[in-house]
Amino acid sequence: MKIPKRIASTVINSLKGGVVPRIGLPYITVGRETEINALLHDVDIISDGGASFRFIVGKYGSGKSFLLQTIRNYVMDRNFVVADADLSPERRLQGTKGQGLATYKELIRNMSTKTRPEGGALTLILDRWISSVQSETASESGLDTNSPEFAAAVEKKIHTVINSLNEMVHGFDFAKLLTLYFRAHIDGDDETKAKVVKWFRGEYHNKTDARSELGVNIVITDDDWYEYIKIFAFFLKQAGYNGMLVLIDELVNIYKVPNSITRQYNYEKILTMYNDTLQGKAQYLGIIMCGTPQCIEDTRRGVYSYEALRSRLAEGRFGREEGLKDMLAPVIKLLPLTNEEMLVLIEKLADIHAELFDYERVLGQDELIAFIKIEFGRIGADTNITPREVIRDFIELLNIVYQNPQINVSELLNSESFEYAKAEPEGSEDVTEEYAEFDI
């Protein structure tokens, strides 16, 4: 396997640390074809002007974040803008102390495109929009780009896009800010451009500052930040992209909120998003949220504690049949990777590890099969073991064998300390939940 060392290092180090690498996923993607195809079907709907909302549900380490990152890379290649955020005690969907706005800021900060996959793409998007309008105007009109007529023709095209936003909630103010940015771009006024970007990022704390610096009487708040996400999605289509995908992970942080009223307000925000996307009130927008089975299905504290959501999301009678999964339903439950898929995955990891450290791969097919048999032969492995645990064990094995070439791999695999290591007992998820911060 030929893989650049920079990417190989990121993949191995990230997986050993229990987190999902941002790059190199195509080298290690195994299985999940059904889930990926279902989500890519949503992407086609979004690019046609529709909207979608999905929950991805799975235990810690089952592959939720891995699936999110895979979809993220797919859609950026399809000319989508992706904004992602992990919820935390400081970032929620709704709050009284700026927690909802903090999530909005994180989404805008992480706004990514194919040419800026690491995030921070807002300024690039705005500048590309203006440049594309100028190029279109030049090719259509044949005017001299330095002439006043050309500038007027460009401004007319810009206003066509801006006017299309006016009918949306808060669209008038959003359009006014776009106009300010366009004029500052033409005039070379970087200071005003920076102020407009600051406003789009939700960094104005009060209306007084926004009014004095930009002449607008509104700022983005905890209550209305989602309306601006909808406006952004619509604008991005006009700016030449195919749509916007919003990825929100660690939904468990809402489940952990001790105050029941605060939790209900957050679930109400989820209901608003869900209804908007399914009822056609949002366009060119996809939303995917990730959580554990408990934080979704717990009828006391989870998403299902909000009856309006439970009645919309809970499986029907046919979906509960063994072996039958509805991938078109709003909730996608991740099934464990099969033993065969895990074997393919660790073989890929063995190749990447050998490529990274410049050695001939030591572990053959028999050793790989033996490793998988032992991992899945643990007590309770059928219900508790996750890809994360298997991957971390395997990379540790690769590291040890590489650093100690005199070791007999078969003897190591059959040693008591390895073979009889026990999986976590049933019910340990509650304890892990309090401390887990990463998910692959």
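In which helix is the place of Glu-106? Glu-106 sits in helix α4, which covers residues 99–109. The structure described here is a predicted model, in which local features need pLDDT of at least 70 and side-chain atom pairs count only at pLDDT 80 or more, while totals for chains, interfaces and linings use all residues. Residues are numbered from 1 along each chain as its sequence is written, and side-chain values use heavy atoms, with hydrogens and water left out.

Helices (DSSP runs of H or I, at least four residues) and strands (runs of E, at least two) are numbered from the N terminus. A residue is called buried under 20% relative accessible area, exposed over 50%, and partly exposed in between, with a 1.4 Å probe and protein chains only. Contact means heavy atoms within 4.5 Å.

Apart from neighbours within four places in sequence, Glu-106 is in contact with Asp-84, Ala-85 and Arg-91.

Arg-301 belongs to the loop between α13 (293–297) and α14 (307–313). Its relative accessibility is 17%, so Arg-301 counts as buried. Once neighbours within four places in sequence are set aside, the contacts of Arg-301 are Tyr-255, Lys-256, Val-257, Pro-258, Arg-263 and Tyr-267. Although Arg-301 and Tyr-255 are 46 residues apart in sequence, their C-alpha atoms are 5.9 Å apart in space.

Thr-338 is found in the loop between β5 and α15 (339–357). With a relative accessible area of 36%, Thr-338 is partly exposed. Between the C-alpha atoms of Thr-338 and Pro-405, which are 67 residues apart along the chain, the separation is 31 Å.

## Paired strands

Two strands pair if DSSP finds at least two bridges between them. The table lists pairs of strands with their bridges.

| Strand | Partner strand | Bridges and direction |
|---|---|---|
| β1 | β4 (residues 285–291) | 7 bridges, parallel |
| β1 | β5 (residues 331–333) | 3 bridges, parallel |
| β2 (residues 81–86) | β3 | 6 bridges, parallel |
| β3 | β4 | 5 bridges, parallel |

Why is strand β1 described as largely enclosed by the rest of the structure? The reason is that 7 of the 7 residues of β1 (residues 51–57) are buried. On one side of β1 lie Ala-51, Phe-53, Phe-55 and Val-57, and on the other lie Ser-52, Arg-54 and Ile-56; all of them are buried, which leaves both faces covered. Ile-56 can be followed into two partner strands: Ile-56 stands opposite Cys-290 in β4, and its bridge partner in β5 is Ile-332.

Strand β3 (residues 244–249) is mostly covered as well, with 6 of its 6 residues buried. Met-244, Val-246 and Ile-248 point one way from β3, whereas Leu-245, Leu-247 and Asp-249 point the other way, and all are buried. Ile-248 also has named bridge partners: Ala-85 is paired with Ile-248, and in β4 the partner of Ile-248 is Met-289.

## Cysteines

How many disulfides does the structure hold? A disulfide is a pair of cysteine sulfur atoms within 2.5 Å, and the structure holds 0 of them. Cys-290 is in no disulfide, and the nearest cysteine sulfur, that of Cys-295, lies 9.5 Å away. Cys-295 is likewise in no disulfide, its nearest cysteine sulfur being that of Cys-290. Cys-290 is buried, with a relative accessible area of 1%, and Cys-295 is buried, also at 1%.

## Cavities

On a 1 Å grid over the protein atoms alone, a cavity is a set of points where a 1.4 Å probe fits but cannot get out, and lining residues have an atom within 4 Å of a point. Grid points are joined across faces, edges and corners, and a volume is the space filled by probe spheres set on the points.

A search of the whole structure finds 5 cavities of 30 Å³ or more. The largest cavity has a volume of about 150 Å³. It is lined by 13 residues, of which Gly-63, Phe-66, Leu-337, Leu-345 and Pro-387 are the closest to its centre. Two or more lining residues come from each of the elements α3 (64–77) and α18 (387–403).

For the classes, Ala, Val, Leu, Ile, Met, Phe, Trp, Tyr, Cys and Pro count as nonpolar, Asp, Glu, Lys and Arg as charged, and the others, Gly among them, as polar. The lining of the largest cavity has 10 nonpolar, 2 polar and 1 charged residues.

How values were computed:
1 Å grid on protein atoms, 1.4 Å probe; cavity = no way out; pocket = protein on both sides within 12 Å on 5 of 7 lines; lining within 4 Å.
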